[in-house]
Amino acid sequence: MDKLFEENIDIYGRIVRLIVSISLIVAVHSAIIPVWFAFIATYPFFTALVSWEPIYAVGKWVGETVFGIKFHFNEVAKEI
């Protein structure tokens, strides 16, 4: 269960998520796009802050426990 909550986003993924979410929030604040985009922007923002993607984690956990597939997200991220 500890592996389910370990970091699974590298620094480049975090930077991209922060740029996308901040851009969406600025666009909403400038009235360029509808307000509900700010709600969508919270997901990449908070996943970038904690460096943990729940969809990746659950997919990895299901793949390893149910199907026996080994993923190497963290090993690649740590090498960069």
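At 65% relative accessibility, A31 counts as exposed, a label kept for residues with over 50% relative accessible area, while buried means under 20% and partly exposed covers what falls in between (1.4 Å probe, protein chains only). The model is a predicted one, with local features needing pLDDT of at least 70 and side-chain atom pairs counted only at pLDDT 80 or more, while totals for chains, interfaces and linings take in all residues. Numbering starts from 1 along each chain as its sequence is written, and side-chain values rest on heavy atoms, with hydrogens and water left out.

The protein chain comes to 4 helices and 0 strands, running α-α-α-α from the N terminus on; helices (H or I, at least four residues) and strands (E, at least two) are DSSP runs, numbered from the N terminus. Of the 80 residues in the protein chain, 22% are buried. Take contacts (heavy atoms within 4.5 Å) between residues at least 6 apart in sequence, and 58% of them join residues at least 24 apart.

Back to A31, which sits in the loop between α1 and α2. Its phi is positive, about 65°, although A31 is not a glycine. Most residues other than glycine have a negative phi. S51 also has a positive phi, near 55°, and is not a glycine either. S51 follows α2, in the loop between α2 and α3, and with a relative accessible area of 1% S51 is buried.

Helix α1 (residues 11-29) and helix α2 (residues 36-50) pack at about 155°, with axes 8 Å apart; the axes are lines fitted to C-alpha atoms over the stretch in contact, and angles run from 0 to 180 degrees between N-to-C directions. That makes α1 roughly antiparallel to α2, the term for angles over 145 degrees. On the α1 side the contact is made by R14, R17, L18, S21, L24, I25 and V28, and on the α2 side by F37, A38, A41, P44, F45, T47, A48 and L49. These residues divide into 11 nonpolar, 2 polar and 2 charged.

Within α2, A41, P44, T47 and A48 are buried, and what covers the buried residues of α2 includes α1 and α3 (54-67).

Finally, N8 belongs to the segment before α1 and counts as buried at 11% relative accessibility. A polar atom of the N8 side chain lies 2.7 Å from the backbone nitrogen of E53.

How values were computed
Angles under 35 degrees count as roughly parallel, over 145 as roughly antiparallel, 65 to 115 as roughly perpendicular and the rest as oblique. Ala, Val, Leu, Ile, Met, Phe, Trp, Tyr, Cys and Pro count as nonpolar, Asp, Glu, Lys and Arg as charged, and the others, Gly among them, as polar. A polar contact is a pair of N or O atoms within 3.5 Å; within protein, one must be able to donate a hydrogen and the other to accept it, and residues adjacent in sequence count only if both atoms are side-chain atoms.
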